[in-house]
Amino acid sequence: MKTLQAGDNAPQFTLLNQDNQTISLADFHGQKVLVYFYPKALTPGCTTQACGLRDSKSELEKLGVVILGISPDSPKKLAQFKEKKELNFMLLADETHQVAEQFGVWGEKKFMGKTYDGIHRISFLIDEQGKILKVFDKFKTGEHHKIVLEYLQG
């Protein structure tokens, strides 16, 4: 697994969102985008992370940042996650994990003695021209939104 780094161009992608609408990274050209990859909707860690971003959305918007959450879940599952947790940002379905692979966040994981392939919890802050400004890969789920805000507020 070779994760993209700051300075790399973000891969261009198109995925379905929670409403089955086609969304592309190019739709947000000229804006900063926080692309955050998470393993599975409606699980405790992913819910904690998503709710932190939900509660920080207005601060992130003031700093010119759009939030896109990406997981291998189906659009239907993402719609349930968004509704149940009252998420105020877009969730994208990467069911074939093609986008996760392009960003270098799909790979071997270990959990409770089992080894399997899955999404690593890594976020990318992408600038207005599509370059990766910052990679966030070491954080607790409850602190993710704080480290993103701290970075942006510099």
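Predicted model: local features only at pLDDT ≥ 70, side-chain atom pairs only at ≥ 80, totals over all residues.
Local features are reported only at pLDDT of at least 70 and side-chain atom pairs only at pLDDT 80 or more, while totals for chains, interfaces and linings use all residues. Residues are numbered from 1 along each chain as its sequence is written, and side-chain values use heavy atoms, with hydrogens and water left out.

The protein chain contains four helices and nine strands, where helices (H or I, at least four residues) and strands (E, at least two) are DSSP runs numbered from the N terminus. Their order along the sequence is β-β-β-α-β-α-β-α-β-β-β-β-α. The radius of gyration, taken over C-alpha atoms, is 14 Å, close to the 15 Å given by the globule rule for 154 residues, so the chain is as compact as a globular protein of that length. The globule rule is 2.2 Å times the number of residues to the power 0.38. Along its principal axes, the C-alpha trace spans about 40 × 35 × 30 Å.

Contact is defined as heavy atoms within 4.5 Å. Of the contacts between residues at least 6 apart in sequence, 64% join residues at least 24 apart. Buried residues account for 47% of the 154 residues in the chain; buried means under 20% relative accessible area, exposed over 50%, and partly exposed in between (1.4 Å probe, protein chains only). The chain exposes about 7,900 Å², of which carbon and sulfur atoms supply 48%; accessible areas were computed by the Shrake-Rupley method with a 1.4 Å probe.

In soluble globular proteins, nonpolar side chains tend to be buried together. A nonpolar core is taken here as a set of buried Ala, Val, Leu, Ile, Met, Phe, Trp, Tyr and Cys residues joined through side-chain atoms within 4.5 Å. The largest such core has 25 residues, and F13, F37, I70, F103, F124 and I126 have the most contacts inside it. At least two residues of this core come from each of β3 (32–37), β4 (65–71), α3 (98–103), β8 (123–126) and β9 (132–136). Apart from this core lies another, of 22 residues, including V65, I67, F136 and V148. Leaving aside neighbours within four places in sequence, I126 is in contact with A10, L25, Q31, K32, V33, V35, F103, K131, I132 and L133.

S56, in helix α1 (residues 44–62), is buried, with a relative accessible area of 3%. S56 is in contact with H145 and L149. The C-alpha atoms of S56 and V148 are 9.8 Å apart, although the two residues are separated by 92 residues in sequence. K77, in helix α2, is partly exposed at 23% relative accessibility and touches K40, A41 and L42. K77 and L25 are 52 residues apart in sequence and 21 Å apart in space, C-alpha to C-alpha.

Positive phi values were found at two residues other than glycine. Phi of E86 is near 50 degrees; E86 lies in the loop between α2 (75–84) and β5 (90–93) and is exposed, at 62% relative accessibility. Phi of H97 is likewise near 50 degrees. H97 is located in the loop between β5 and α3 and is partly exposed, with a relative accessible area of 21%.
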